[in-house]
Amino acid sequence: MSPTMQARRARVRQIRRTVTAVAVTVFIALFATIYIQMAAGKDPALGSSTTSAQVSATSPPSSTSSDDSSSGTMTTAQS
């Protein structure tokens, strides 16, 4: 094999190692950040405790059908 091909292969090998090392380092850094947040109890998926969901209380619609009340079935009006 010629010296230029050996140099090219060594360069390609070095680039692949560098890209792999950077990708693994970034993954570990992101994973560690999320792990530390979870361990501290700051789960971003649960949301902050300052926001609260407002539930409006509504009464269920009443059916005043005299024909269907004896049979025990409820019919709904279709629009």
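I worked on a predicted model in which local features need pLDDT of at least 70 and side-chain atom pairs count only at pLDDT 80 or more, while totals for chains, interfaces and linings use all residues. Residues are numbered from 1 along each chain as its sequence is written, and side-chain values use heavy atoms, with hydrogens and water left out.

Fold. I looked up the secondary structure and found 1 helix and 0 strands in the protein chain, taken as DSSP runs (H or I of at least four residues for helices, E of at least two for strands, numbered from the N terminus). Helix α1 has 37 residues and reaches 53 Å from its first C-alpha to its last, close to the expected 54 Å, the expected span being 1.5 Å times one less than the number of residues. After α1 comes G41, with a positive phi near 85 degrees.

Of the 79 residues, 0% count as buried (under 20% relative accessible area; exposed is over 50%, partly exposed in between, 1.4 Å probe, protein chains only). The chain exposes about 7700 Å², with carbon and sulfur atoms supplying 60% of it (Shrake-Rupley method, 1.4 Å probe; for residues, only the protein chains shown count as cover).

An α-helix has 3.6 residues a turn, so residues three or four places apart point the same way. F27 is exposed, as is F31, the latter with a relative accessible area of 53%.
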